[in-house]
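Below are some notes on side-chain contacts, to be read alongside the model. Please check each point against the coordinates.

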Amino acid sequence: MSRFDRLFEEFEGADCALITSDINRRYFTGMKSSAGVVLAFPDKAYLLIDFRYIEKARATVKDAEVIEAKKLYPQIMELLKKHEAKSMAIESETMTVKELNAYEHFYTTIDIIHNDSLSNAISNLRMVKDEGEIECIRKAQEIAEKALEELKGFIKVGVTEREIALELNRLMFAYGAEDLSFDTIVLSGANTSMPHGVPSDKKVENGEFVLIDFGAVYNGYHSDMTRTLCVGEPSDEMKKVYNIVLEAQLAGIEAAKAGIMGSDLDKVSRDIIEQAGYGSCFGHSLGHGVGMEIHEKPNASPNYKLPLNKGAVVTVEPGIYIAGKFGVRIEDFVILTENGCVNLTKSAKNLISL
């Protein structure tokens with residue numbers, strides 16, 4: 001069964017679906033491009049794409065008929081008439097108001113459905129990863145972990161956060177990354193108290209934590225992990241906080257399984273940190289879905305009151321951040337199964353002193 005078939009099992013409310021976002025277009029066709037639209041009907045799908053990509057599209061796209069886009073709006077109208085479509089759903093999460101205005105201007109006889117139904121249906125499909133997707137995510141994670149292991153020999157007193165980030169990025173590309181999952185985060189010392197700080201020219205000093213949050217992309221799929229290392233010997237307080245975060249993270253992984261509410265999974269780790277007296281220092285959610293985007297559904301957060309899906313890939317990343325002193329985050333990501341989870345992250349997470 002193709003992804004288009006699964007879409008129309010999940011989606012109702014319009015005669016066809018117009019898919020314009022780069023990520024979702026790639027999800028359905030396997031074709032990476034910065035342009036093009038997919039027009040999908042219950043019985044057939046089309047990829048309309050311009051001359052720059054047409055040769056590659058015809059060689060790679062299997063589940064949709066490829067049409068060279070020369071006059072896009074008239075070509076779409078021809079297909080709507082061919083399939084006798086009276087309504088067309090668009091992606092509410094990604095289509096701009098300007099784009100919607102253009103489609104409404106050209107298709108005055110078509111009912112354009114711009115509620116959340118299509119975006120929600122696609123999101124539900126993408127939450128559950130198939131074997132091919134999992135394999136790509138595993139490969140992305142292997143690239144990232146291999147790069148981290150080599151990077152450890154590069155981290156030392158006097159090296160800047162920016163230099164560490166650049167070296168890590170270089171290594172991930174050298175080991176086969178298609179792209180970075182996001183802008184690599186490397187922070188040291190007091191900067192580690194900023195969960196999403198930006199690498200600077202600050203030099204690593206002896207006795208400091210170095211927090212590294214990073215990931216690689218392989219065939220369109222992302223990995224995501226965080227490790228907090230120490231250069232030199234950590235203080236007793238640093239060890240204490242690290243061990244609390246590790247305990248919270250291990251408990252979260254132990255509790256992670258299909259069917260648990262996202263808010264309940266968050267609570268498992270959050271309770272440990274709160275009981276240790278650091279509740280106010282854990283200000284973000286426990287985790288998020290990972291796939292073709294670095295942040296996608298489902299979430300493990302206090303406000304996510306839905307069960308997590310079997311086959312979803314979700315991060316488990318508690319942290320404690322003490323402003324002006326230091327922060328610790330430990331992040332793995334797992335595949336949810338009926339009875340538990342499979343941890344895709346193999347890198348050691350005991351406190352390492354370099």
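**Notes on the predicted model**

1. Cys230 is buried, as its relative accessibility is 0% (buried is under 20% relative accessible area, exposed over 50%, partly exposed in between, with a 1.4 Å probe and protein chains only). Cys230 belongs to strand E12, residues 225–231 (helices, H or I of at least four residues, and strands, E of at least two, are DSSP runs numbered from the N terminus). Beyond its neighbours within four places in sequence, Cys230 has contacts that include Gly207, Phe209, Met238 and Leu351 (contact means heavy atoms within 4.5 Å).

2. Residues are numbered from 1 along each chain as its sequence is written, and side-chain values use heavy atoms, with hydrogens and water left out.

3. There are 10 aromatic pairs (rings of Phe, Tyr and Trp, the last by its six-membered ring, pair if their centres lie within 6.5 Å; planes under 30 degrees apart count as stacked, over 60 as edge-to-face and the rest as tilted). Tyr73 and Phe106 are stacked, at 4.1 Å centre to centre and 5 degrees between the planes. The pair links helix H4 (residues 72–82), which holds Tyr73, to helix H5 (residues 97–106), which holds Phe106, across 33 residues. Tyr73 is partly exposed at 23%, and Phe106 is partly exposed at 44%. Tyr73, Tyr103, Phe106 and Tyr107 make up one aromatic cluster.

4. The whole structure has 23 salt bridges (a side-chain nitrogen of Lys or Arg within 4 Å of a carboxyl oxygen of Asp or Glu). One of them joins Asp130 to Arg3, with the closest N and O atoms 3.3 Å apart. Asp130 lies in the loop between helix H6 (117–127) and helix H7 (131–151) and Arg3 in helix H1 (residues 3–10), so this pair ties together parts 127 residues apart in sequence. The charged end of Arg3 also sits over the ring of Tyr27, 4.1 Å from its centre (NZ of Lys or CZ of Arg within 6 Å of the ring centre and within 35 degrees of the ring normal).

5. Lys310 and Glu338 form a salt bridge at 4.0 Å, N to O. Both Lys310 and Glu338 are exposed.

Note on methods. Predicted model: local features only at pLDDT ≥ 70, side-chain atom pairs only at ≥ 80, totals over all residues.
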